[in-house]
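Subject: Handing over the two-chain model

Hello,

Here is the structure I promised to pass on to you.

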Amino acid sequence: MSFLMDNLPMFLIAIPLLMAPVTILTKGSPGLQKAIDIVVGFGLLCLSVLLIITVWNNGIIAYDVGEFGKYGIVIVADLLSAGMVVLNCLIGFLGLIYSYDYIEDRSLNQTYHSLYNLMLAGINGIFLTGDIFNMFVFFEIMLLSSAALIVANETSKVTKISDKMEATMKYLVLNILGGNVMLIAVTSLYASIGSLNMADITLKIRILAEAGTVPWHLYAVGLLFIIVFGGKAAMFPLHYWLPDVHPTAPSPISAMLSGVIIKIGAYGILRVLFMIFAPFQAVYGPIILFMALVTLALGATSAVGQSDVKRMLAYSSVSQIGYVFLGFGMAAMANVAGETEGATIILAASVIYLINHALAKSMLFLTSGGIIHTADTRDMRQMGGMINKAPLMGAAFLVGAMSIGGVPPMGGFISKFMLFDAGLREQFYLPIGIALIFAVFTLFYMFRGWMLIFWGERDAQYGEYSHHKLSPLIVAPILFLAAIVLIVGLYPEPVVQFSQTIASQIVDPQPYIDAVMVRMIR
Amino acid sequence: MNNFFLELTIALLFGIGTFLVLRRDMMKVIIGFGIISHAINLYIVGGGVFSEGTLVPILEHEQALEGLNQGLIYNDNLTAGILGPITTNPYTEFVDPLVQALVLTAIVIGLATTAFVLTLCYRVNEEYGTIDVQELRRLRE
């Protein structure tokens, strides 16, 4: 037990990395392969929950890979990382259960499970690593495996392979460029600061800022990081790839892409804006705020006219990530104005928003998979009256729509309310006003989608809905996530408290630095 | 002097790479990405060399912000089992080993990415018989 507890953060990366070759070796017997994968997925979920409990009780864990002291790579689990890892493992595990029947129906790709495990390992690595170059490496692991997963499943009935290839090409082009920009940024940072360890860099930049001798090019380096993470999170000028990529991927992968992978960008921005380049918040805060407003407006207005159900959800993701970044920008500006407490509250609201969106949007993407499975089309105008055919999908979609739209009993309401309330308290009247207007758009397109899919009758010219029933393994993860969204909405107290602790850790990164430095100097 | 030529090379490679990335032929785009990534590899190497003693391989934490040139320097000491690298003047001719590790990693990752994009490009060619981006757009409609 102590061996497990000592190496807990490492296991979360190493186990899925190890499972990638194992699942390829067992490809001869798909049943065994899937069984192994689901057991391992559940194990990962348990480990991540164990990690977050340990971090909550004992404080930040800094794990020294290979015992190299300050010359090695550290793996750090603070509450933010641990929370993101739990989200990743939860959605990843549910996606694995979902894939059990969903992918088999459409010609199981033999490498699917291997790539899925690589993706989980990459994402866990990104969240847990405390070394900025190591983060780049995990980015590339995540990127290649997720790109291969998007283009997988060639014989899908509803998505043409040509669409998949075009989307993957866009995804790759943006992310190769993003990777190159990140390399430039990391190198420039290393050449001017002389360290790759995030805690160490934070400390040195803070000392430089207090002495008033920050080299001017560090501002540009920080902007490069914001461009990279903004591209990952689909922030305004770099959002164009998302509406193509998310709809064409198989539904469990869409859920991972929208639920977790775009949150990587948000995680990176949090680290850059509030930790590494914290002294530059006066410059970066307004930029992020402006970009967030454009993003949320653009995503919401584009989602209104969509007829493709998954494309609508993808545009909605763009809009929702805009709300999350709105919180980041406001918190940074409040922090600059010296209102640390206000910044913490806004940031807590933003973190709740992020968690709620991850849960609700991955649930909606899984639901859309069930809907498409029944209707054999992605076009909402060709659906209608599905509530008789798939009532559980209807209920789940309604829960998700209400949560994303911010209707009271759901988790989305708490997050929206807290974000707007905290923003108004810090007197950001104009940004909150704009965000409120587009929140109405969100409600509109979500309920338009629900009505198009589930109300009325299906037009006779499109034929009957397919008669095969949805497998319980497809329905169960959706219902489970819907239940979580409902519980978070009805009893938000633990999530709110948890987010406030995360926010206070982000605003004051001193414990993080201390935990890493103790490991390094040893 | 060395710095100038290194900068010129990096800038030229960046220019050529960008030119190729903006072409219509997908193959040229991929080659362009390769050239850009090599420009960046050179940039990384440039981050650790030719800096005339202002950057040393390993910085002690307290020393990092003052002097910037008081890292550990290894000299040969066979009795103690220390084998220093071959250099006539460790204070000016020492290359940062970390950037070389970074470049190696970046090259390997670049290889993997290029292999994947090439495979995808091959599939596109199989599907459409062309890899011209505008031609593809015309064919898709």
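Below is what I found, starting with how the chains meet and ending with a few single residues.

First, some ground rules. This is a predicted model, in which local features need pLDDT of at least 70 and side-chain atom pairs count only at pLDDT 80 or more, while totals for chains, interfaces and linings use all residues. Residues are numbered from 1 along each chain as its sequence is written, chains are lettered from A and ligands numbered from 1 in the order in which they are written, and side-chain values use heavy atoms, with hydrogens and water left out.

**Where the chains meet**

The size of an interface is often given as the accessible area lost when the parts come together. Here chain A and chain B bury about 3200 Å² between them, and 77% of that is on carbon and sulfur atoms. (Buried area is the accessible area, taken with a 1.4 Å probe, that two parts lose on being put together, summed over both.) In chain A, the residues that lose the most area to chain B are A:Met165, A:Met169 and A:Tyr190, together 19% of what that side buries.

The contact (heavy atoms within 4.5 Å) takes 37 residues from chain A and 35 residues from chain B. On the chain A side, α6 (132-151), α7 (161-193) and α8 (198-211) each supply at least two residues. Helices here are DSSP runs of H or I with at least four residues, strands are runs of E with at least two, and both are numbered from the N terminus. The most comes from α7(A), with 18 residues.

By type, the chain A side that touches chain B divides into 24 nonpolar, 6 polar and 7 charged residues. In this count Ala, Val, Leu, Ile, Met, Phe, Trp, Tyr, Cys and Pro are nonpolar, Asp, Glu, Lys and Arg are charged, and the others, Gly among them, are polar. Between the two chains, 1 residue pair is in polar contact, with both residues at pLDDT 80 or more. (A polar contact is a pair of N or O atoms within 3.5 Å; within protein, one must be able to donate a hydrogen and the other to accept it, and residues adjacent in sequence count only if both atoms are side-chain atoms.)

**Chain B by itself**

Chain B has 4 helices and 0 strands, in the order α-α-α-α along the sequence. Of its 141 residues, 33% are buried, where buried means under 20% relative accessible area, exposed over 50% and partly exposed in between (1.4 Å probe, protein chains only).

**Aromatic rings**

Over all chains, the structure holds 22 aromatic pairs. Rings of Phe, Tyr and Trp (its six-membered ring) pair if their centres lie within 6.5 Å, and planes under 30 degrees apart count as stacked, over 60 as edge-to-face and the rest as tilted.

A:Tyr219 and A:Phe280 form a stacked pair, 4.1 Å centre to centre with 20° between the planes. A:Tyr219 lies in helix α9 (residues 217-232) and A:Phe280 in the loop between α11 (251-276) and α12 (281-304) of chain A, so this pair ties together parts that are 61 residues apart in sequence. A:Tyr219 is partly exposed at 32% relative accessibility, whereas A:Phe280 is buried at 1%.

A:Phe277 and A:Tyr284 make an edge-to-face pair, because their ring centres are 6.4 Å apart and their planes are at 80°. A:Phe277 is buried, with a relative accessible area of 0%, and A:Tyr284 is buried at 0%.

**Some single residues**

A:Thr442, in helix α18 (residues 429-454) of chain A, is buried with a relative accessible area of 0%. Leaving out residues up to four places away in sequence, A:Thr442 touches several residues, including A:Ser319, A:Tyr323 and A:Lys416.

A:Asn356 sits in helix α14 (residues 340-375) of chain A and is buried at 3%. The side chains of A:Asn356 and A:Ser415 are joined by a polar contact of 3.4 Å.

Most residues other than glycine have a negative phi. A:Ala234 has a positive phi of about 60°, and A:Gln427 has a positive phi near 65°. A:Ala234 is buried at 0% relative accessibility, while A:Gln427 is exposed at 56%.

Best wishes
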